[in-house]
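Work through the exercises below with the model open. Try each task before reading its solution.

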Amino acid sequence: MTVLLEARNVTKIFGSSGLIKKKETFALEDLSLFITQNPSSITGVAGESGSGKTTLARLLLGFIAPTRGVVLYKGRDIQKMSRDEKLEFRREVQVVFQDPYEVYNPFYKVDHALITPLRKFHLAKSKTEAFNLIEGALEAIGLHPSETIGRYPHQLSGGQCQRIMVARALLLKPRVIIADEPVSMVDASLRATILKSLRKINKDFGISILYISHDLTTTYQISDNIIVLYQGFVVEAGDVELVIKNPQHPYTKLLVSSIPLPDPDKKWKQERTPIVDQSSIKENHGCKFEDRCPYAMSICRKNLPPLYQTDRYRAVRCFLYKDSPAIPGDAIGEVFVRKE
Amino acid sequence: MKDEVLRVINLRVYYHTSLGQLKAVDGVTFSINSGERFGLVGESGSGKSTLAFALMRLIKPPGYIEGGEVLLDGLDLVKISDDEIRNVRLAKIALVPQGAMNSLNPVVRIKDQIIDGMVDHVEDIPRNTLEKRVHDLLEKVGLKHEVSHKFPHELSGGMKQRVCLAIAISLNPKVIIADEPTSALDVVVQRQVMLTLDQMQKDLGVSVLLVGHDIGLMAQFVDRVGVMYAGKLVEVDSVKEALKEPLHPYTKLLITCPPSLDEKGEFKGIPGLPPLLLNPPSGCVFHPRCPQVMSRCCAEVPILNEISPGRFVACHLYNEVKI
Amino acid sequence: MNTFEKNWKGATAYFRNNPKLIAGVSIILALVLFWLIGSLIVSPARAQPISGLPDQPPSLKYLLGTDSNGRDLLAVIIVGTGLTLRIGFLAGAIGLGIAIALGFLSGYYGGFLDTIIRGVVDVLLTIPALAVLVVIAAMISGVITLNLMIIIVASLSWMLPTRTIRAQVLTMREKAYIPMAKISGMKNLEIIIKELIPNLLPYLAAGFVGATSAAVLATIGLEALGLGPQSLPTLGMTIFWAVSFSAMLRGMWWWWLPPVIIIAALFVGLFLLTAGLDEIANPKLRRVV
């Protein structure tokens with residue numbers, strides 16, 4: 001098992017210096033996760049707005065530096081890489097963003113987005129070779145080159161644009177693809193094709209995927225393992241079958257029960273959690289979910305619970321499970337299922 | 001006919017573009033009863049949002065209402081004058097548009113935004129009566145009285161959306177149209193807002209038209225559902241029957257293709273691409289993507305027929321059965 | 001449609017449904033043609049003093065009469081239009097060049113560089129430009145040549161375009177295709193040139209017109225005060241001479257009116273161009289789909 005991309009005890013604090021008081025936002029606290037190759041994996045990161053999932057993506061891509069902790073690629077700190085190492089990192093870690101249209105420069109045809117990286121990473125020696133590679137990648141995703149090459153982004157549907165981005169990711173033969181809400185801005189009927197493509201490139205090409213989303217259903221369908229984030233902390237992690245089908249953390253339970261099931265006989269119940277608007281800044285040093293938790297105990301306000309390993313393939317950050325063994329934050333990989 | 005509060009007959013909304021005429025809504029007919037929750041489900045480009053705006057007569061050029069009737073309380077909203085429709089909006093029929101929370105005026109306090117809507121319709125009401133009404137409304141949507149003094153940026157997304165709901169019910173309209181009210185919200189907040197809408201509807205007995213693309217949300221909230229595709233209404237059913245026994249092939253696909261939590265399976269999508277509204281396919285507009293297409297479908301446009309009480313479908317598969 | 005027709009349609013797409021742009025371009029083109037064709041018909045030498053009898057009203061020989069120094073005013077107007085256009089456009093181009101460099105540096109890289117550039121621009125904008133120009137022009141002992149005039153005027157026209165370009169770059173920098181370009185391995189300078197500039201062309205064009213307008217205004221303002229190239233019959237200098245020789249009091253309308261008309265036409269043309277470019281740059285202002 002080779003560890004490719006790793007976040008080790010990463011904390012990210014955004015500070016805004018007001019005139020009188022410095023307001024700090026803890027976007028992520030002491031988060032660790034890693035993405036492996038051999039075997040390849042699909043890891044899901046689920047969270048709502050304010051959970052820190054966007055910050056996580058930006059940290060893993062090296063757009064921002066962690067306040068504490070380190071992000072490593074193949075063992076090297078990405079903030080300290082040499083030019084060549086950085087170029088290799090850029091090629092091997094690809095991304096699919098949320099907005100299918102905004103990722104394209106509207107001035108150019110979609111070809112531009114595909115040819116540029118081929119050129120910059122010297123993956124093709126001539127224009128013909130480049131187009132051959134592009135056609136191959138498009139067809140592997142199930143797109144017709146004749147319907148996509150030579151068009152402008154606004155001439156294509158959201159689903160097509162997003163699939164071209166997946167094809168682009170495949171084109172560069174990466175080892176890891178970070179998919180940040182890849183289907184949330186795409187129509188329901190087109191989502192399946194994009195998810196199918198992601199699953200296919202994981203299976204056929206051994207590319208590991210980090211799937212970040214607020215939609216638990218698609219995350220469940222595509223991931224092997226899942227990390228649930230709440231206000232910058234990992235609250236539950238492990239085998240996606242366990243975490244989603246039998247959630248243990250009160251927040252995960254709330255998330256799963258809030259999914260609108262297409263069955264009029266299974267309606268939402270009035271939740272037991274009090275409605276607290278999340279805009280109030282919490283100053284407590286304990287569990288961040290305490291003020292909304294129907295199971296909150298006095299210990300929860302003052303102390304932050306550690307991760308308790310409640311199953312072979314699951315860990316929960318909640319004092320309800322304090323009888324299970326506690327594991328350190330960076331041992332979270334232990335609870336991930338590995339395909340062999 | 002009895003108990004009907006809104007009746008839409010053959011509504012057509014077209015757009016003039018430099019590339020031709022675009023039929024965004026093409027002959028839609030349905031009705032909503034008093035106290036009923038009706039869902040309009042479809043993907044982007046289906047015309048559902050255009051329809052919502054047309055019901056409020058808020059279509060702007062280059063769009064225009066080409067024809068049809070919208071009957072509410074004895075008035076045809078399509079034909080009445082500009083002054084009359086202004087009186088009808090908010091008082092009889094209210095709209096909570098998509099992203100409504102972003103259209104709250106950032107420099108006006110919540111209390112004043114709610115009052116603004118009301119004073120346009122009722123004159124000479126003393127200020128403190130209005131303020132009491134504001135507090136009542138906020139209570140109805142589950143917000144504390146303090147919210148009335150705040151500015152929009154001090155509230156979270158869910159709270160803002162509930163303020164928009166409060167504005168919509170401020171004059172006790174007969175119908176509330178909610179156009180994707182929760183699409184920008186997280187799933188937990190979405191549930192809170194929808195439960196608020198649920199409670200509110202039960203308390204006031206107002207009819208709700210919920211427009212959206214999430215069939216799960218429809219299942220949780222509405223009584224009946226209409227399925228739109230490329231500007232046409234292809235099926236109208238009770239939501240239970242639509243989910244258990246969908247009639248139209250598009251409805252079937254719409255229900256089966258979204259990923260579910262039941263078990264991990266194959267990802268199913270709807271083959272093909274959404275149609276170009278500038279140049280729609282001949283005959284049945286869904287025929288290029290229909291798994292049960294017949295030769296008749298390429299030539300003849302199917303009409304929305306009631307094939308059993310309360311169940312309407314526009315599909316040649318069911319025309320064969322009749323007569 | 002063959003390739004030529006496609007390209008033609010693409011290039012002229014901006015002009016369809018945009019009467020302001022068409023009108024603006026037409027006026028400027030008309031002035032340019034007036035100068036070029038006029039120079040062929042009327043010998044520029046006649047714009048020099050003592051080409052004819054002084055103070056002559058319009059006649060068949062001198063269509064616009066002569067001034068008190070014996071210049072043929074028709075020749076003066078023709079040459080003057082050319083000179084003023086040249087000063088305006090060249091100064092505008094230089095101003096735009098500075099604006100592009102500073103605007104992109106400031107907007108894209110941000111940080112300390114941005115703070116400095118922004119500070120300098122803001123301070124310079126508050127200084128009354130004409131006062132500064134007057135001081136500079138007065139300090140230059142000796143003859144002000146055409147090129148010197150261009151430089152003096154350019155030094156005033158770059159500030160506002162810098163701010164506009166910086167603002168646009170700040171917005172565009174946040175678009176998702178910029179981090180996408182970084183992930184594709186592009187370097188910052190490459191990103192500016194290949195990804196940002198093509199999308200900013202309407203704003204750059206607007207910036208050019210803005211800089212030119214400012215330059216024309218400055219040059220005419222200075223010249224009308226006499227602080228211009230004294231030996232050249234620019235439009236502004238002509239007005240200066242007309243005022244110095246009390247042309248208005250003497251009823252010599254053929255001296256001061258033509259330059260005023262040309263200047264007015266030039267400004268109207270530049271204004272319409274700006275408005276037309278605004279429509280392109282801001283899609284919300286565009287007409288139908």
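Predicted model: local features only at pLDDT ≥ 70, side-chain atom pairs only at ≥ 80, totals over all residues.

Residues are numbered from 1 along each chain as its sequence is written, with chains lettered from A and ligands numbered from 1 in the order in which they are written.

**Exercise 1.** Compare the radius of gyration of chain B with that of a compact globule.

Step 1. Apply the globule rule, 2.2 Å times the number of residues to the power 0.38, for a radius taken over C-alpha atoms.
Step 2. For 323 residues a compact globule would be near 20 Å; chain B has 21 Å, which agrees.

**Exercise 2.** Describe how α3(C) and α7(C) cross.

Step 1. Locate the helices (DSSP runs of H or I, at least four residues, numbered from the N terminus): α3 of chain C spans residues 73-109, α7 of chain C residues 159-173.
Step 2. Their axes, lines fitted to C-alpha atoms over the stretch in contact, come within 8 Å and cross at roughly 35 degrees.

**Exercise 3.** Which elements of chain A give two or more residues to the side that touches chain B?

Step 1. Count residues in contact (C-beta atoms, placed from the backbone, within 7 Å): 33 of chain A meet 37 of chain B.
Step 2. The elements are α7 (188-205), α8 (216-222) and α10 (250-257) of chain A.
Step 3. The largest share, seven residues, comes from α7(A).

Conventions:
Axes fitted to C-alpha atoms, helices over the stretch in contact; angles between N-to-C directions. Contact = placed C-beta atoms within 7 Å.
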